[in-house]
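Colleague: Please walk me through a structure. I want to learn how to read its features.

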Amino acid sequence: MALTNNKAVLNWIDEMAAMTQPDQIVWIDGSDAQIEDLRAQACATGEIEKLNQELLPDCYLHRTAVNDVARVEDRTFICCRKQEDAGPTNNWMDPQEMYAKLKKLYTGAMKGRTMYVIPYSMGVVGSPFAKYGIELTDSIYVVLNMCIMTRVGTAVAEVIGDDFVKGLHAKADLDPENRYIVHFPEDNTIMSVNSGYGGNVLLGKKCFALRIASYLGRNQGWMAEHMLILGIQSPAGEVRYLAAAFPSACGKTNLAMLIPPEHYRKAGWKVWCVGDDIAWIRVGEDGRLWAMNPEYGFFGVAPGTNEKSNPNALHTTMKNTIFTNVAHNLDNNTVWWEGLDKNPPENAEEWTGKKVNGKEWVAEGNKLAHPNSRFTAPAVNCPCLSKEFNNPNGVPVTAMVFGGRRAKTAPLVFQSFDWNHGVYVGSAMASETTAAAAGAVGVVRRDPMAMRPFTGYNMGDYFGHWIEMGEKLGDKAPKIFHVNWFRTDDEGHFIWPGFGDNMRVLMWMLKRCKGEVDAVETPIGYLPNAEDIDITGLDDITLDTVKGLLSVDKDLWLEDCDGVEALYNEIGERVPAELRHQLAALRERLSK
Ligand code: GTP
Ligand code: SPV
Ligand code: MN
């Protein structure tokens with residue numbers, strides 16, 4: 001039975017059902033009973049497998065098709081009326097042409113299947129900053145994931161208005177040649193077909209909360225960013241929040257849930273997680289920036305997650321979690337992935353489901369879990385979840401951080417001179433590509449603000465929007481920093497220990513925000529004095545190591561400027577003049 005009388009909603013569902021022709025339509029009310037029933041159905045068909053209920057209560061394993069394991073950026077489109085409004089960093093097609101093309105793929109795609117109607121909210125239901133969507137899907141896996149990642153069900157259906165985001169997902173034949181992830185920002189519409197993987201099909205996440213929302217944000221004066229949000233609590237109980245943008249699989253979840261080194265914990269420092277992937281940010285009544293996490297769960301990278309690197313994430317996945325493309329430990333019906341421990345299960349299924357001796361398999365150089373295997377876990381499970389998580393207003397932002405994987409160029413940390421220089425630093429971000437998107441891994445590409453794959457409009461206009469936000473904020477703008485946890489030595493090993501020890505770098509930033517520590521003015525920005533990065537208790541790191549981590553090679557930086565210029569030229573005339581000035585000024589400082 002429909003959960004709403006809203007004509008706009010019902011008419012659209014009728015239209016989509018007429019096209020896709022499902023056997024039946026089921027509304028998702030979000031109740032435990034319904035979820036339990038859907039889990040049982042999905043287990044019966046093998047879509048998911050129930051894991052050891054004593055060790056992992058209410059946890060399930062799912063495998064996607066082997067050719068459907070990551071976002072597909074080359075098949076992701078922004079279809080607005082004018083191509084230049086999508087800009088050269090997005091794929092574009094004329095909306096009418098795309099609708100026609102998709103109509104062929106969707107026609108009859110749900111024959112013999114059920115269409116699930118998922119009313120969901122990004123943000124706290126009923127809050128002025130929440131936005132609502134409906135996803136139609138023929139996948140129970142998608143329903144179960146959406147129920148973890150977003151606020152789903154009756155309460156949403158009751159408040160949904162005419163301006164909801166329409167999302168249609170059909171698995172169809174999972175044909176990679178006809179896979180499309182398409183956004184019509186001017187129509188509040190998302191259409192996804194022929195995939196069953198995460199960011200391609202959980203339409204509340206990247207499709208809505210970043211691509212559509214970034215477009216809405218620009219028109220309405222707020223921002224949707226690929227950022228984690230965390231709070232650092234001092235021994236006196238004062239909490240300061242920062243928001244950080246790193247590209248996919250570059251450390252957001254890990255930083256968001258970090259456990260401080262022992263001496264900080266003993267002194268009473270705490271870190272709280274507000275969000276691990278997406279931030280909606282606006283100027284508050286007090287003139288400062290406020291950030292909220294529109295999601296309700298974590299869709300986190302499994303490999304590398306362990307008791308030492310990220311115990312909070314590991315504990316978050318111990319119940320009510322869906323694991324996708326990890327290895328199946330058949331000895332105890334649990335899961336395993338590279339980096340969980342040094343003990344791959346002998347009796348295992350690797351991520352595609354093939355039975356292997358896990359120890360031999362790994363020893364032969366194979367992977368048991370897919371590098372982009374993930375867990376979908378409810379935020380409420382997280383031991384360090386901020387008490388502000390459900391605060392509809394979000395939290396005030398003291399600092400913003402950009403970062404990526406750079407083997408050599410970027411130092412451990414630096415601070416921008418001011419907001420506009422910080423916008424330049426964000427626009428100049430680059431990172432080695434990861435398994436989170438289909439394509440080559442480890443290639444440096446420019447990824448402005450970690451938003452290259454997620455900006456729902458012209459990247460030049462997006463930069464301009466950042467500059468305008470700074471004008472609104474004036475002297476209340478947060479400080480902007482850049483970090484790099486991924487510098488390597490000559491053997492290619494990471495020099496900085498990272499993970500919980502990143503707290504040491506956050507502490508320097510906090511002190512900078514409070515005006516408690518000096519810095520060195522360099523051509524690229526303010527760098528720490530090496531002595532000011534706390535290395536207490538780090539056996540392998542000396543003052544000289546820190547100096548090395550903070551060193552800046554001017555030739556590499558000048559080369560990097562060429563990369564930024566190439567990006568700006570690619571984006572073209574919509575790049576704000578201010579950023580061209582910033583680039584010229586940086587070159588001049590570096591050449592002196
Ligand atoms: P998305 O969910 O794709 O947006 O990724 P993310 O930015 O949340 O990345 P995540 O925290 O899941 O980290 C991805 C990978 O980076 C994991 O395999 C981690 O082990 C690794 N990683 C995270 N933080 C650090 C760090 O401080 N140092 C090093 N060397 N590796 C890290
Ligand atoms: C990312 O790739 O940045 C993710 C995973 O967070 S996905 O939901 O697939 O986009
Ligand atoms: Mn992400």
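The dialogue below takes up a metal site and some ring contacts.

Modeller: This is a predicted model: local features need pLDDT of at least 70, side-chain atom pairs count only at pLDDT 80 or more, and totals for chains, interfaces and linings use all residues. Residues are numbered from 1 along each chain as written, chains are lettered from A and ligands numbered from 1 in written order, and side-chain values use heavy atoms, without hydrogens and water.

Colleague: Which residues are the protein donors of the manganese ion (ligand 3)?

Modeller: Donors are N, O and S atoms within 2.8 Å of the metal (3.2 Å for Na, K and Ca); water is not among the atoms, so sites may look incomplete. Here they are Lys206 (NZ), His226 (NE2) and Asp277 (OD), 2.1 to 2.5 Å from the ion. Their sequence spacing is K-x19-H-x50-D.

Colleague: Why is the arrangement around the manganese ion (ligand 3) irregular?

Modeller: Six donors count as octahedral if opposite donors are over 155 degrees apart and all others between 65 and 115. The six donor atoms here subtend angles of 63 to 174°, so the arrangement is irregular.

Colleague: Are Lys206 and His226 buried or exposed?

Modeller: Buried means under 20% relative accessible area, exposed over 50%, partly exposed in between (1.4 Å probe, protein chains only). Both Lys206 and His226 are buried.

Colleague: Where does the charged end of Arg282 sit?

Modeller: A charge sits over a ring if NZ of Lys or CZ of Arg is within 6 Å of the ring centre and within 35 degrees of the ring normal. Arg282 has its charged end over the ring of Phe129, 3.7 Å from the centre. For Lys166, the ring is that of Phe164, at 5.4 Å.

Definitions and conventions: Tetrahedral: all angles 85-135°; square planar, octahedral: opposite > 155°, others 65-115°.
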